[in-house]
Amino acid sequence: MTNLNQLPGDLPIPQDDGAADHLVGMRLPAISLETTTHSQFNLGQTQGRIVIYCYPMTGQPNVPLPDGWDQIPGARGCTPQSCSFRDYYQDLRLLGADVVGLSVQSTEYQQEMADRLHLPFPVLSDADYRFQQALRLPTFVAAGMTLLKRITLIANDGVIEAVHYPIFPSDSDPAWVIDYLKNKAA
């Protein structure tokens with residue numbers, strides 16, 4: 001069975017296709033999304049700095065990943081990415097940033113992952129693609145599902161100030177965010 005916590009060594013590296021070039025300077029849309037903390041979260045109303053890490057789809061124990069998943073550049077690694085944000089959560093908070101995860105899976109699907117991984121932050125469901133469409137976030141199709149490409153947005157008072165895209169390996173994402181917050185953020 002696939003170990004969701006480990007990244008295979010032979011994953012293809014995603015290339016920058018320019019699909020995120022338009023995001024810096026955009027305002028987060030005032031859209032409320034359901035969360036794994038059983039509430040609604042409106043990203044457009046956030047104050048201060050927030051890190052939104054968007055990921056394609058977490059696997060579930062004893063459920064096979066879609067055929068060819070490991071061959072799609074950037075697809076594999078959602079669990080290691082979420083675990084890294086969990087492990088660096090306090091560091092990010094000390095740097096003045098809130099953290100949320102976001103995918104297009106249902107809240108019920110996400111809840112299993114959030115509980116299993118003991119995530120200290122909410123995961124938001126964009127199952128209706130409203131957030132994705134408002135920002136024109138990059139997607140790909142696998143096993144008949146339209147999924148978000150892995151991308152992290154850093155916003156301050158509702159305006160996107162930095163974008164990490166493409167992300168590889170996935171568990172390096174929090175280190176990139178910490179570096180940005182320490183060295184580039186005002």
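Is threonine 58 buried or exposed? Threonine 58 is buried, with a relative accessible area of 1%, where buried stands for under 20% relative accessible area, exposed for over 50% and partly exposed for values in between, computed with a 1.4 Å probe on protein chains only. The model is predicted, so that local features need pLDDT of at least 70 and side-chain atom pairs count only at pLDDT 80 or more, while totals for chains, interfaces and linings use all residues. Residues are numbered from 1 along each chain as its sequence is written, and side-chain values use heavy atoms, with hydrogens and water left out.

Threonine 58 lies in the loop between β3 and α1, the helices (H or I, at least four residues) and strands (E, at least two) being DSSP runs numbered from the N terminus. When its neighbours within four places in sequence are left aside, threonine 58 is in contact with Cys78, Thr79, Gln105, Tyr109 and Met113, contact being defined as heavy atoms within 4.5 Å.

Strands are taken to pair if DSSP finds at least two bridges between them. By this criterion β3 and β4 run parallel and are joined by 6 bridges, with aspartate 98 in β4 as the bridge partner of isoleucine 50. The pairing of β3 with β8 is antiparallel and also extends over 6 bridges, and here isoleucine 154 in β8 is the bridge partner of valine 51.

Helix α1 is likewise mostly covered, with 8 of its 10 residues buried. These buried residues are Cys78, Thr79, Pro80, Gln81, Ser82, Cys83, Ser84 and Phe85, and they pack against β3, α2, β4, α3, β8 and α5.

Aromatic rings were examined next. A pair of aromatic rings is described by the distance of the centres and the angle of the planes. Rings of Phe, Tyr and Trp (its six-membered ring) pair if their centres lie within 6.5 Å, and planes under 30 degrees apart count as stacked, over 60 as edge-to-face and the rest as tilted. A search of the whole structure finds 6 aromatic pairs. One of them joins tyrosine 53 and phenylalanine 85, which are stacked at 4.4 Å centre to centre with 10° between the planes. This pair links distant parts of the chain, since tyrosine 53 belongs to strand β3 and phenylalanine 85 to helix α1, 32 residues apart. Tyrosine 53 also pairs with phenylalanine 121, and because the ring centres are 5.8 Å apart and the planes stand at 85°, the pair is edge-to-face. Phenylalanine 121 lies in the loop between α3 (107-117) and β5 (123-125), so its pair with tyrosine 53 ties together parts that are 68 residues apart in sequence. Both tyrosine 53 and phenylalanine 121 are buried. Tyr53, Tyr55, Phe85, Tyr89 and Phe121 form one aromatic cluster.

In helix α5 (residues 173-183), the buried residues are Asp173, Pro174, Val177, Ile178, Tyr180 and Leu181. Seen down the axis of α5, these residues fall within an arc of 160°, and they therefore line one face of the helix; the arc is that of the directions from the helix axis to the C-beta atoms. Lys182 and Asn183, on the other side of α5, are exposed. The elements that cover the buried residues of α5 include β3 (49-54), α1 (78-87), α2 (89-94), β4 (97-103), β8 (151-156) and β9 (159-164).
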